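Trainee: Could we go through this model together? I would like to learn how the names follow from the values.

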Amino acid sequence: MALDDLRIFPVACSATLSYHNVMHEKAKPLSRFDRGVRTVLVGLSSNVLLAAIKIVAGILGNSYALLADGIESTLDIFSSVVVLGGIKISSLPADENHPYGHGKAESLAAMTVSLVLLMAGIGIAVKSCLEIMQPHHAPAFFTLIILIGVIIAKETLFRFLFSVGSAVDSLSLKTEAWHHRSDALTSAAAFIGISISIIGGKDYARADDWAALAASGIIIFNGINMIKGAVKEIMDYAPSPETEDTIRSIAGGVSGVSAIEKCRVRKSGLNLFVDIHVEVNGQMPVREAHAIAHEVKDALMKAPLGIADVLVHIEPA
């Protein structure tokens, strides 16, 4: 081996190791926080593009239903920013003033988005009623083509955000997903109304506005349902029975645990906080019982349930 080869060899080895380290980093699964942020950014960029397309097409194509849909999409941009902020704040660690962390910020973000959606629905309903009383020309045909693309895009975004929101158990992400589904529904209503206006001619020109009114009803209905979900989380509504059963099963499987007396679970942001009462042999020394409590906590924290903290209380069996 030549001297130059010997000099190059360490550099090559270092580069190879760096490459493997980079690939290892890329292969690491994304955290719940990172998945949530990336998903919101996808929805945010999509909303900016779709809102611009719908507003321009609504103005040029003389379609109030499409224009109203576009205005509602601009509110989606605001809601995406709110959700992004809520997720980021909820991921902050606990501090002296917030010993349980900042998880409620995610629920407050969901509440804000729900209220914005509700107000948007009411605003569109009022404007639709005013437009119905004023005769105008039927929308242009090309608005139907725009709406087909919008419906497909929004339904795809709904499925993507709801899937990730369910995976990381994020109410604000699932709320944002339903915001996209509402857009798909309003676009579908606009498509029907515009089709009737074009086919029926001048006598059916108001069908476009009636479609916008129908869409506003859907938006208001979804907004109310989303507010209910946000209120539940803020009020520490218990998670699903399946989640509690899983927690009880994991804790009960730890060696030395006789039974599980109580199990209280509450959700804060993307995480769960667990208070659990574990029964052990009443004659067991305190040091051994304390060690079992740590084993229960470790087992639950390692489980893929998004548990942020566990408080274990020892009871004599």
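Mentor: Happy to! This is a predicted model, and in it β1 and β2 form a hairpin with two residues between them. In the turn, G269 has a positive phi of about 65°.

Trainee: How do you know that β1 and β2 pair?

Mentor: Two strands count as paired if there are at least two bridges between them. Strand β1 (residues 259-268) and strand β2 (residues 271-280) are joined by nine bridges, so they pair, and they run antiparallel.

Trainee: Why is α5 called roughly antiparallel to α6?

Mentor: Helix α5 (residues 142-168) packs against helix α6 (residues 171-200) at an angle of about 160°, and their axes are 7 Å apart. That makes α5 roughly antiparallel to α6, because angles over 145 degrees count as such. The crossing of α5 past α6 is left-handed. Their contact has 20 nonpolar, six polar and six charged residues.

Trainee: What makes up the lining of the second largest pocket, by class?

Mentor: Six nonpolar residues, no polar ones and four charged ones. Among the residues lining this pocket are Y100, R264, V265, F273, V274 and D309. Tyr counts as nonpolar, so Y100 belongs to that class, while R264 is charged because Arg counts as charged. β1, β2 and β3 (307-316) each supply at least two residues of this lining, and the pocket has a volume of about 190 Å³.

Trainee: And which helix gives the largest share of the lining of the largest pocket?

Mentor: That is α7, with three residues. The largest pocket holds about 290 Å³ of space.

Technical notes. Residues are numbered from 1 along each chain as its sequence is written. This is a predicted model: local features need pLDDT of at least 70, side-chain atom pairs count only at pLDDT 80 or more; totals for chains, interfaces and linings use all residues. Side-chain values use heavy atoms; hydrogens and water are left out. Axes are lines fitted to C-alpha atoms, for helices over the stretch in contact, and angles run from 0 to 180 degrees between N-to-C directions. Helices (H or I, at least four residues) and strands (E, at least two) are DSSP runs, numbered from the N terminus. Angles under 35 degrees count as roughly parallel, over 145 as roughly antiparallel, 65 to 115 as roughly perpendicular and the rest as oblique. A crossing is left-handed if the near helix is turned anticlockwise from the far one by less than a right angle, and right-handed if clockwise. On a 1 Å grid over the protein atoms alone, a cavity is a set of points where a 1.4 Å probe fits but cannot get out, and a pocket is an open set with protein on both sides within 12 Å along at least five of seven lines; lining residues have an atom within 4 Å of a point. Grid points are joined across faces, edges and corners, and a volume is the space filled by probe spheres set on the points.
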